[in-house]
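Please open the structure in your viewer and keep the selection tool at hand.

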Amino acid sequence: MRIATWNINGVRARHERLLAWLRDKAPDVLCLQEIKCEDKSFPKADIEALGWETATYGQKAYNGVAILSRSGLSAVERGFADGQAEDPQARLIAATVTGARVVCAYFPNGKEVGSEAYDYKLAWVERLRAKLAPLVTPASELALCGDYNVAPASIDVYDPVAWEGKILCSEPERAAFRGLLALGLTDALRALHPSEVAYTWWDYRELGFPKNKGMRLDHLLITAGLAKRLVRAEVDRNERKGKQASDHAPVVIEVAAG
DNA sequence: ATGGCAATGTTTCATTGA
(Lines give C-alpha, C1' and ligand atoms only; values in the text may rest on other atoms or scores of the structure.)
Protein backbone atom coordinates (compact mmCIF):
# COMPACT_ATOMS: atom_id res chain seq x y z
CA MET A 1 0.00 0.00 0.00
CA ARG A 2 1.30 3.42 -0.94
CA ILE A 3 0.31 6.33 1.29
CA ALA A 4 1.07 9.93 0.37
CA THR A 5 0.69 13.31 2.00
CA TRP A 6 0.74 16.66 0.22
CA ASN A 7 0.06 20.22 1.29
CA ILE A 8 -1.42 21.29 -2.02
CA ASN A 9 -1.81 24.99 -1.12
CA GLY A 10 -5.18 25.45 -2.81
CA VAL A 11 -6.80 22.54 -4.62
CA ARG A 12 -8.56 24.74 -7.15
CA ALA A 13 -5.30 26.42 -8.13
CA ARG A 14 -3.69 22.97 -8.43
CA HIS A 15 -6.59 21.13 -10.08
CA GLU A 16 -4.76 19.88 -13.19
CA ARG A 17 -1.54 19.16 -11.33
CA LEU A 18 -3.44 17.07 -8.79
CA LEU A 19 -5.14 14.98 -11.45
CA ALA A 20 -1.87 14.51 -13.35
CA TRP A 21 -0.08 13.52 -10.15
CA LEU A 22 -2.76 10.97 -9.24
CA ARG A 23 -2.60 9.42 -12.71
CA ASP A 24 1.19 9.30 -12.62
CA LYS A 25 1.82 8.14 -9.03
CA ALA A 26 -1.44 6.35 -8.28
CA PRO A 27 -1.06 6.16 -4.50
CA ASP A 28 -3.62 4.06 -2.65
CA VAL A 29 -4.19 6.88 -0.21
CA LEU A 30 -3.49 10.59 -0.54
CA CYS A 31 -3.86 13.01 2.35
CA LEU A 32 -4.26 16.62 1.26
CA GLN A 33 -3.86 19.73 3.38
CA GLU A 34 -4.71 23.35 2.68
CA ILE A 35 -7.36 22.58 0.09
CA LYS A 36 -8.55 26.15 0.80
CA CYS A 37 -12.13 25.57 -0.31
CA GLU A 38 -15.48 24.47 0.97
CA ASP A 39 -16.54 20.86 0.40
CA LYS A 40 -18.87 21.82 -2.45
CA SER A 41 -15.93 23.33 -4.40
CA PHE A 42 -13.69 20.28 -4.08
CA PRO A 43 -13.10 18.54 -7.47
CA LYS A 44 -14.75 15.35 -6.23
CA ALA A 45 -16.17 14.20 -9.57
CA ASP A 46 -12.87 14.50 -11.48
CA ILE A 47 -11.03 12.58 -8.76
CA GLU A 48 -13.68 9.88 -8.53
CA ALA A 49 -13.54 9.48 -12.31
CA LEU A 50 -9.89 8.47 -11.87
CA GLY A 51 -10.84 5.87 -9.28
CA TRP A 52 -10.39 7.53 -5.90
CA GLU A 53 -13.08 8.02 -3.29
CA THR A 54 -12.90 11.31 -1.42
CA ALA A 55 -13.67 12.55 2.06
CA THR A 56 -13.30 16.26 2.66
CA TYR A 57 -13.39 18.66 5.57
CA GLY A 58 -13.21 22.00 3.86
CA GLN A 59 -13.40 25.60 4.89
CA LYS A 60 -13.64 28.84 2.97
CA ALA A 61 -10.27 30.36 1.96
CA TYR A 62 -8.06 28.77 4.59
CA ASN A 63 -7.07 25.35 5.88
CA GLY A 64 -9.18 22.40 4.76
CA VAL A 65 -8.12 18.75 4.56
CA ALA A 66 -9.09 15.72 2.50
CA ILE A 67 -8.38 12.00 2.20
CA LEU A 68 -8.45 10.25 -1.17
CA SER A 69 -8.49 6.46 -1.38
CA ARG A 70 -8.78 3.91 -4.14
CA SER A 71 -9.15 1.11 -1.57
CA GLY A 72 -12.31 2.33 0.13
CA LEU A 73 -12.96 4.81 2.93
CA SER A 74 -14.97 4.17 6.07
CA ALA A 75 -15.56 5.63 9.52
CA VAL A 76 -14.77 9.16 8.36
CA GLU A 77 -14.28 11.59 11.23
CA ARG A 78 -13.98 15.35 10.79
CA GLY A 79 -12.22 17.49 13.35
CA PHE A 80 -11.20 16.27 16.79
CA ALA A 81 -14.62 14.83 17.65
CA ASP A 82 -13.34 14.36 21.21
CA GLY A 83 -16.24 15.79 23.14
CA GLN A 84 -14.66 19.22 23.60
CA ALA A 85 -15.73 22.29 21.63
CA GLU A 86 -14.72 21.65 18.04
CA ASP A 87 -11.77 23.52 16.56
CA PRO A 88 -13.29 26.15 14.22
CA GLN A 89 -10.41 25.60 11.80
CA ALA A 90 -10.71 22.58 9.52
CA ARG A 91 -7.38 20.87 10.11
CA LEU A 92 -8.12 17.23 10.82
CA ILE A 93 -9.86 14.36 9.07
CA ALA A 94 -9.53 10.62 9.60
CA ALA A 95 -10.75 7.52 7.83
CA THR A 96 -10.18 3.79 7.84
CA VAL A 97 -8.68 2.22 4.70
CA THR A 98 -8.32 -1.56 4.52
CA GLY A 99 -8.06 -1.80 8.28
CA ALA A 100 -5.55 1.02 8.71
CA ARG A 101 -6.55 4.26 10.39
CA VAL A 102 -5.38 7.19 8.28
CA VAL A 103 -5.26 10.56 10.03
CA CYS A 104 -4.71 13.62 7.86
CA ALA A 105 -3.58 16.70 9.76
CA TYR A 106 -2.73 20.29 8.97
CA PHE A 107 -0.95 21.55 12.07
CA PRO A 108 -1.21 25.26 12.83
CA ASN A 109 1.67 27.41 11.61
CA GLY A 110 2.15 29.29 14.86
CA LYS A 111 3.28 32.55 13.24
CA GLU A 112 5.85 33.55 15.84
CA VAL A 113 7.19 32.03 19.04
CA GLY A 114 5.26 33.45 21.98
CA SER A 115 2.31 34.66 19.91
CA GLU A 116 -1.31 33.70 20.44
CA ALA A 117 -1.06 31.55 17.32
CA TYR A 118 1.94 29.78 18.84
CA ASP A 119 0.01 28.91 22.00
CA TYR A 120 -2.84 27.64 19.84
CA LYS A 121 -0.37 25.49 17.90
CA LEU A 122 1.11 23.84 20.98
CA ALA A 123 -2.33 23.24 22.50
CA TRP A 124 -3.53 21.82 19.18
CA VAL A 125 -0.69 19.29 19.00
CA GLU A 126 -1.28 18.23 22.59
CA ARG A 127 -4.97 17.76 21.88
CA LEU A 128 -4.06 15.60 18.87
CA ARG A 129 -1.60 13.59 20.98
CA ALA A 130 -4.28 12.91 23.57
CA LYS A 131 -6.74 11.87 20.88
CA LEU A 132 -4.29 9.44 19.28
CA ALA A 133 -2.92 7.95 22.50
CA PRO A 134 -5.52 5.19 22.79
CA LEU A 135 -5.30 4.40 19.07
CA VAL A 136 -1.56 3.73 18.98
CA THR A 137 -0.78 0.23 20.18
CA PRO A 138 1.92 -2.25 19.19
CA ALA A 139 -0.55 -4.09 16.99
CA SER A 140 -2.58 -1.20 15.59
CA GLU A 141 -2.16 0.13 12.07
CA LEU A 142 -2.33 3.91 12.04
CA ALA A 143 -0.65 6.60 9.95
CA LEU A 144 -0.58 10.25 10.99
CA CYS A 145 0.05 12.07 7.74
CA GLY A 146 0.31 15.75 7.10
CA ASP A 147 1.92 19.12 7.31
CA TYR A 148 3.20 19.28 10.88
CA ASN A 149 4.76 22.73 10.51
CA VAL A 150 7.66 21.42 12.58
CA ALA A 151 11.20 20.76 11.39
CA PRO A 152 12.18 18.01 13.85
CA ALA A 153 15.98 18.44 13.77
CA SER A 154 18.84 20.55 12.40
CA ILE A 155 19.19 18.30 9.37
CA ASP A 156 15.66 19.29 8.44
CA VAL A 157 16.49 23.00 8.11
CA TYR A 158 18.62 24.70 5.41
CA ASP A 159 20.10 27.16 7.91
CA PRO A 160 19.69 25.70 11.40
CA VAL A 161 21.71 28.47 13.03
CA ALA A 162 19.55 31.25 11.63
CA TRP A 163 16.38 29.33 12.51
CA GLU A 164 17.41 28.21 15.98
CA GLY A 165 14.56 28.89 18.40
CA LYS A 166 12.40 30.35 15.64
CA ILE A 167 8.95 29.23 14.55
CA LEU A 168 8.91 25.69 13.08
CA CYS A 169 12.17 24.94 14.91
CA SER A 170 11.63 26.00 18.53
CA GLU A 171 12.29 23.51 21.29
CA PRO A 172 8.65 23.34 22.49
CA GLU A 173 7.51 22.53 18.95
CA ARG A 174 10.16 19.84 18.60
CA ALA A 175 9.26 18.47 22.01
CA ALA A 176 5.63 18.26 20.88
CA PHE A 177 6.77 16.33 17.81
CA ARG A 178 8.76 13.96 20.01
CA GLY A 179 5.66 13.57 22.16
CA LEU A 180 3.90 12.09 19.16
CA LEU A 181 6.82 9.72 18.54
CA ALA A 182 6.67 8.74 22.21
CA LEU A 183 3.19 7.34 21.66
CA GLY A 184 4.94 4.59 19.70
CA LEU A 185 5.02 6.17 16.27
CA THR A 186 7.88 5.99 13.78
CA ASP A 187 8.98 8.80 11.46
CA ALA A 188 8.79 6.83 8.20
CA LEU A 189 11.21 8.95 6.18
CA ARG A 190 13.84 8.94 8.93
CA ALA A 191 13.43 5.21 9.57
CA LEU A 192 14.69 4.45 6.07
CA HIS A 193 16.88 7.52 5.52
CA PRO A 194 18.39 8.49 8.88
CA SER A 195 20.90 11.03 7.58
CA GLU A 196 19.45 12.26 4.30
CA VAL A 197 18.46 15.86 3.72
CA ALA A 198 14.83 15.51 2.68
CA TYR A 199 13.12 18.88 2.60
CA THR A 200 9.42 18.97 1.78
CA TRP A 201 8.87 22.73 1.66
CA TRP A 202 10.70 25.57 -0.04
CA ASP A 203 9.71 29.23 0.20
CA TYR A 204 8.32 30.76 -2.98
CA ARG A 205 10.46 33.79 -2.26
CA GLU A 206 14.18 34.31 -2.79
CA LEU A 207 14.67 31.33 -5.10
CA GLY A 208 14.03 28.94 -2.25
CA PHE A 209 13.75 25.85 -4.41
CA PRO A 210 16.58 26.45 -6.89
CA LYS A 211 18.87 27.21 -3.98
CA ASN A 212 17.45 24.29 -2.01
CA LYS A 213 16.67 26.51 0.95
CA GLY A 214 14.00 24.27 2.38
CA MET A 215 12.71 22.48 5.43
CA ARG A 216 11.24 19.07 6.21
CA LEU A 217 7.80 19.92 7.59
CA ASP A 218 5.60 17.18 6.11
CA HIS A 219 5.72 13.81 7.79
CA LEU A 220 4.16 10.37 7.99
CA LEU A 221 4.32 8.90 11.47
CA ILE A 222 3.30 5.26 11.55
CA THR A 223 2.65 2.60 14.15
CA ALA A 224 4.92 -0.43 14.58
CA GLY A 225 2.30 -2.54 12.81
CA LEU A 226 3.00 -0.56 9.63
CA ALA A 227 6.66 0.28 10.25
CA LYS A 228 7.69 -3.37 10.22
CA ARG A 229 6.44 -3.57 6.62
CA LEU A 230 7.77 -0.18 5.48
CA VAL A 231 9.77 -0.58 2.27
CA ARG A 232 9.99 2.93 0.77
CA ALA A 233 9.77 6.56 1.82
CA GLU A 234 10.60 9.51 -0.40
CA VAL A 235 9.89 13.12 -1.17
CA ASP A 236 8.62 13.77 -4.68
CA ARG A 237 10.76 16.84 -5.36
CA ASN A 238 9.75 16.73 -9.00
CA GLU A 239 6.29 18.00 -8.12
CA ARG A 240 7.83 21.20 -6.69
CA LYS A 241 9.20 22.08 -10.14
CA GLY A 242 7.64 24.21 -12.82
CA LYS A 243 4.88 26.78 -12.90
CA GLN A 244 2.01 26.68 -10.44
CA ALA A 245 3.72 24.22 -8.11
CA SER A 246 2.65 24.08 -4.49
CA ASP A 247 5.37 25.27 -2.13
CA HIS A 248 5.23 21.78 -0.56
CA ALA A 249 6.25 18.55 -2.29
CA PRO A 250 4.36 15.29 -1.71
CA VAL A 251 5.85 12.60 0.52
CA VAL A 252 5.13 8.99 -0.39
CA ILE A 253 5.66 5.80 1.60
CA GLU A 254 5.09 2.19 0.66
CA VAL A 255 4.07 -0.51 3.11
CA ALA A 256 4.29 -4.13 1.94
CA ALA A 257 1.14 -6.23 2.07
CA GLY A 258 0.65 -7.71 5.53
C1' DA B 1 18.13 23.00 -14.31
C1' DT B 2 14.06 23.77 -10.59
C1' DG B 3 14.27 30.50 -10.94
C1' DG B 4 13.73 36.21 -7.54
C1' DC B 5 5.85 34.88 -3.70
C1' DA B 6 1.23 32.75 -4.14
C1' DA B 7 -3.90 31.81 -3.16
C1' DT B 8 -7.96 33.65 -1.69
C1' DG B 9 -11.47 36.94 -0.56
C1' DT B 10 -12.07 41.06 2.22
C1' DT B 11 -10.44 42.16 -4.64
C1' DT B 12 -6.91 46.66 -7.40
C1' DC B 13 -5.22 45.73 -1.46
C1' DA B 14 -5.25 42.73 2.93
C1' DT B 15 -4.44 38.44 5.07
C1' DT B 16 -2.05 34.31 5.69
C1' DG B 17 1.49 31.14 5.07
C1' DA B 18 6.37 29.00 7.00
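Predicted model: local features only at pLDDT ≥ 70, side-chain atom pairs only at ≥ 80, totals over all residues.

E3 is paired with strand E4 (residues 65–69) in the antiparallel sense, over 5 bridges. Within this pair, Thr 54 can be found opposite Leu 68 in E4.

Next, select strand E14 (residues 251–255). Is it mostly covered, or mostly uncovered? Of the 5 residues of E14, 4 are buried, and the strand is thus described as mostly covered. Strand E1 (residues 2–7) runs antiparallel to E14 and is joined to it by 4 bridges. E13 also pairs with E14 in the antiparallel sense, here over 5 bridges. Display Val 252 of E14: it is the bridge partner of Ala 4, and it is also the bridge partner of Glu 234.

**Second stop: the sheet that contains E7**

Now select E5, E6, E7, E8, E12 and E9. This is an open sheet of 6 strands in that order, again with mixed pairing. Its edges are strand E5 (74–78) and strand E9 (186–187), each with a single partner strand, so one side of each lacks a neighbour in the sheet. Thr 186 stands opposite Ile 222 in E12.

Move to E7, in which 6 of 7 residues are buried. Strand E6 (residues 92–97) pairs with E7 in the antiparallel sense over 6 bridges, with Leu 92 opposite Ala 105. The hairpin of E6 and E7 has 2 residues between the strands, and Thr 98 takes a positive phi near 40° there. E7 also pairs with strand E8 (residues 142–147), in the parallel sense and over 6 bridges. In that pair, Cys 104 stands opposite Cys 145 in E8.

Which residues have the most contacts inside the largest nonpolar core? Select Val 65, Ile 67, Ile 93, Val 102, Cys 104, Ala 143 and Leu 144; the core they belong to has 74 residues. Strand E7 (residues 100–106) contributes the largest share of this core, 6 residues.

Centre the view on Val 65. Leaving aside residues up to four places away in sequence, its contacts include Leu 32, Ile 35, Tyr 57, Ile 93 and Cys 104.

Select Thr 223, in the loop between strand E12 (218–222) and helix H7 (224–227). Thr 223 counts as buried because 24 other C-beta atoms lie within 10 Å. Beyond residues up to four places away in sequence, it touches Val 136, Ser 140, Glu 141, Leu 142, Gly 184 and Leu 185.

**Last stop: DNA strand B**

Finally, display DNA strand B with the 27 residues around it. Gly 10, Ala 61, Arg 205, Pro 210 and Lys 241 come nearest. The residues of this surface divide into 11 nonpolar, 7 polar and 9 charged.

Notes:
Residues numbered from 1 in each chain as written. Chains lettered and ligands numbered in written order. Near = placed C-beta within 6 Å. Nonpolar A, V, L, I, M, F, W, Y, C, P; charged D, E, K, R; others polar. Core = buried A, V, L, I, M, F, W, Y, C linked by C-beta atoms within 7 Å. Buried ≥ 20, exposed ≤ 12 C-beta atoms within 10 Å, placed from the backbone. Contact = placed C-beta atoms within 7 Å. Pairing = 2+ DSSP bridges.
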